[in-house]
Amino acid sequence: MISVKHLSKDFGASAVLKDINVEIKKGEVISIIGPSGTGKSTFLRCLNLLENPTGGEIIIDGLNLLDKKTNVFRLRQKMGMVFQSFNLFSHLMVIENIMLGPVDLLKMSRQEAFDEAMKLLTMVGLAEKAYAYPDELSGGQKQRVAIARTLAMRPEIVLFDEPTSALDPTMVSEVLAVVRKLAEEGMTMMIVTHEMKFARDVSTRVLFMEEGVIYEEGPPQQIFERPQRDKTRAFIHKIKTFVFEIRSKAFDIYSLNAGIEGFGRKQMLSQKQIYNIELVVEELVINKLLERQGSPVDITLSVGYVEESGGIELTLTYAGPAYNPLEDDVEEGDLSVLIVKKMMKACTCVSEAGKNKLRLTL
Amino acid sequence: MPGKPDRAQADVSLSSIKEVPITCLADLKGKKIASLTGTSFDVSINRVIPGVTHMYFNDSSAMVQAVLAGKVSAWAADAPVARLVAAQFPELSILPELICVDHYGLAVRKGHPLGRQASEVIGRFKKDGTMKAMEDKWFGADPAVKVIPDLSGKDGFDGRAGVIRFGHDTVTEPMSYVGDKGASLGLDVELAVRIAHALNMKIERVPMNFGGLIAALQSDKVDMVAGCMTITEERKKSVDFTVSYHSGGQALLVKKARAEAAGARNPAVAEKITGVSQLAASFRRTFVTEDRYKLVWQGIQVTLLISVLSAVFGTLLGFGVCLMRRAKSAWLYIPAKVFIRAIQGTPIVVLLMILYYVIFGGVDIDAVLVAIIGFSINFAAYVSEMMRTGIDAVDKGQHEAAVALGFNRVEVFAKITFPQAARHVLPVFKGEFISMLKATSIVGYIAIQDLTKMSDIIRSRTYEAFFPLIATALIYFAIAYAMMFLLSLVEVKVDPKRRARVVKGVARS
């Protein structure tokens, strides 16, 4: 139905979208997730040309949206859009907001548009607010009216741009319930959202966007339960990380400790947890890994804090032949190994192509 | 002098300021003297009295009040005018010494044959007694005979020789003024009418401010002007004069000493017996005598015509300027910005005069039209900026939502942006319209007789300041109030909350 090829968008010097490729089929419910500022909304806005893409193609039912000859206004009518800030027409009553498009653009009779609008209002549960003005509604009600207004144009796809981000937490569910209902009815939708549980329940496909590209995509089970790539995993599990690179045997240990301390404070870790991290890092890096490193030294340390579980993950990536400092060539009574093993809960070590990756859970 | 010399001396000097009457030209040394803007009294006075400060006024009634109130020591006027005023105001007297003797002439454009033709006719009138008869009539006391004779059709007149556009002053009774139903009256006017008749030409009378007469002549708005105009060397540099038709003089009106004035009784003073009867008399003089309410009504119509049409065209033009100002192309927004800055930085009086005397100088165009053009331009500059802020104040998200529904830019503007911007703009628009309506009071500068000018004309006849000015203010207030009311009806229309909550064209189910 819609296929996007090599879509890119620059704002001046900064490239917001780099190379987006995606196929959207009829009946799909696609959630777009990802950290803030990675171009999720921009991507959605490019789809109906609220933003003009810098390059690439958007093909809808065989017509290229970026072709100068294409009637953009016609094509836009097939794509509804629901905004974060509702954007209801404040000088019109709720019912007039919904009737405006059908009467003026679809050339429906006023009576027909009115009846249709009342049906939609009933569907979103707001029939009694038909004669209210937007500023007399709560945020959740406004967003439901906005959805009804979009549906009144009988779109083939509805784009939701963070529909619940501007809402009070108490009103999020009433809006999501409406979207869920639409999904059940088989409406094709694309939803930019931060509601992970909702995205997991309702979507048929999830796109994870990171730094202007679709970093990982797949069915919700994959993205949420078995993310294939690090950044996806970090995002899904809300992992905050601190990374430090060691490039010399005489590296600055104080700077590393100060970094861990600062990160720990920021994540509200206790002084004891911070001390434990420092201890483990010191034992592993100084006493075990450094002596085996060639020149130059190539060790990357990453400290991760998993918000959901409160756990701490240490990841050490280092060059060299396969080597697990906790298992290989360990002498009886090696104090460092004993200390680390006492502190950690779990440990994995993989080695491939001259790179080792040791992951500890504290 | 023994005793209290200081006190006695102080008394003398104090009374000398207030009471010592002016009896000769020398007494006016270093004093303030009033004269009409654009006249040559200042030059003549400087020749005979040293150190005078000149004060320039636009109408005679203001000068009478200024002399009576002691704001100026004397008022310089043409002898016939001075005599008439002195007869009406017993507190005023004419100094026996004249500033100078002078000669009045009709002025025409340089090199225009009308000057020579008119001079010949004036020569004839002097010989056959017509001139003398006119002087007797206009300088006399009987108001009943003071009308311009209707000469059309007499002596084989058919007006084939052309038209004389005759500009004349409005405030120098008995020479040149405006009377009953706005009719041009006075010796100068009758003379011009008789000259036109003698030359077999039609005449078109254009009442104007004295100060604008020569400018109007030079910019070809009129062909001949008059209004007690003294023939001076300086004026001869810019216009031609006919031979002199009256040798008058320049006189000074001063306030009489209190004792002298007490003996005389001013009709205006006599009516000060009760406030109510005085008010009634003022009302009669200002509105009823000579059907002056008709003048006022004409003035109101002109004021309304100029303000309403300027508001309509100014709003349309302002909308265009606003669109240009909001455009992305520098070719559009820079001219719009320059236009707005230039107009906002120019006084409307100056703009009007530039339009009337310079830009439309050689074009035969109705002054009212020029005023409408000027005020439209001025209004547009202000309105365009108002509209711009109003449009910018409309939430951008709604614009996007409408675009996303499939509306094009024009439709979005018409259906979403405009109705909301109108609501932001109307309250300020109302204020700007009212201030424009009041600003139209300066159109007298380009020979338009609006409400203010009509009140000037009436005051130049009644020599009264208080009542006509207050009445004019009240009329302006009433007009402004009515306009505010009309605009607030529109305001209700664009305020969604004050509309009935019904959906048009739908049977409510």
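**Figure 1. Polar contacts and salt bridges between chain A and chain B.** In this predicted model, 12 residue pairs are in polar contact across the interface of chain A and chain B, counting pairs in which both residues have a pLDDT of 80 or more. The rule also finds three salt bridges across the interface of these two chains. In one salt bridge, the side chain of Arg45(A) meets the side chain of Glu400(B), with 2.4 Å from N to O.

**Figure 2. The side of chain A that touches chain B.** Two or more residues of this side come from each of helix H2 (72-78), strand E6 (79-82), helix H3 (94-104) and helix H4 (110-123) of chain A. The largest share, six residues, is supplied by H3(A). When the residues of chain A that touch chain B are divided by class, 17 are nonpolar, seven are polar and nine are charged.

**Figure 3. The extent of the interface between chain A and chain B.** Here 33 residues of chain A are in contact with 29 residues of chain B. The size of an interface is often given as the accessible area lost when the parts come together. For chain A and chain B, the buried area is about 2,800 Å², and carbon and sulfur atoms give 60% of it. On the side of chain A, His91(A), Tyr131(A) and Tyr133(A) supply 23% of the area buried against chain B, which is more than any other three residues supply.

**Figure 4. Helix H3 of chain A and what covers it.** Of the 11 residues of H3(A), 11 are buried, so this helix is largely enclosed by the rest of the structure. Among the buried residues of H3(A) are Val94(A), Ile95(A), Met99(A) and Leu100(A), and also the charged-class residues Glu96(A) and Asp104(A). The cover over the buried residues of H3(A) includes H4 and helix H5 (139-152) of chain A, together with helix H18 (409-439) of chain B.

**Figure 5. Domain 2 and domain 3 of chain B.** The domain assignment of chain B gives domain 1 (20-99 + 248-270), domain 2 (106-243) and domain 3 (293-498). The C-alpha centres of domain 2 and domain 3 of chain B lie 38 Å apart, and 18 residues of domain 2 are in contact with 19 residues of domain 3. Between these two domains of chain B, an area of about 1,500 Å² is buried, of which carbon and sulfur atoms give 50%. In domain 2 of chain B, the residues that lose the most area to domain 3 are Lys181(B), Asn209(B) and Lys221(B), which together account for 33% of what that side buries.

**Figure 6. Contacts and composition where domain 2 of chain B touches domain 3.** Between domain 2 and domain 3 of chain B, the count of salt bridges is zero, while the count of residue pairs in polar contact, both at pLDDT 80 or more, is five. Strand E9 (176-178), strand E11 (202-208) and helix H8 (213-218) of chain B each supply at least two residues of the side of domain 2 that touches domain 3. By class, that side of domain 2 of chain B has seven nonpolar, six polar and five charged residues.

**Figure 7. The surroundings of Ser219(B).** Ser219(B) is found in the loop between H8 and strand E12 (224-226) of chain B. With a relative accessible area of 9%, Ser219(B) counts as buried, because the cut-off for a buried residue is under 20%. Leaving out residues up to four places away in sequence, Ser219(B) touches Tyr357(B), Gly361(B) and Gly362(B).

Technical notes
Residues are numbered from 1 along each chain as its sequence is written. Chains are lettered from A and ligands numbered from 1 in the order in which they are written. This is a predicted model: local features need pLDDT of at least 70, side-chain atom pairs count only at pLDDT 80 or more; totals for chains, interfaces and linings use all residues. Side-chain values use heavy atoms; hydrogens and water are left out. Domain bounds come from an automatic or database domain assignment. Contact means heavy atoms within 4.5 Å. Buried area is the accessible area (1.4 Å probe) that two parts lose on being put together, summed over both. A salt bridge is a side-chain nitrogen of Lys or Arg within 4 Å of a carboxyl oxygen of Asp or Glu. A polar contact is a pair of N or O atoms within 3.5 Å; within protein, one must be able to donate a hydrogen and the other to accept it, and residues adjacent in sequence count only if both atoms are side-chain atoms. Helices (H or I, at least four residues) and strands (E, at least two) are DSSP runs, numbered from the N terminus. Buried means under 20% relative accessible area, exposed over 50%, partly exposed in between (1.4 Å probe, protein chains only).
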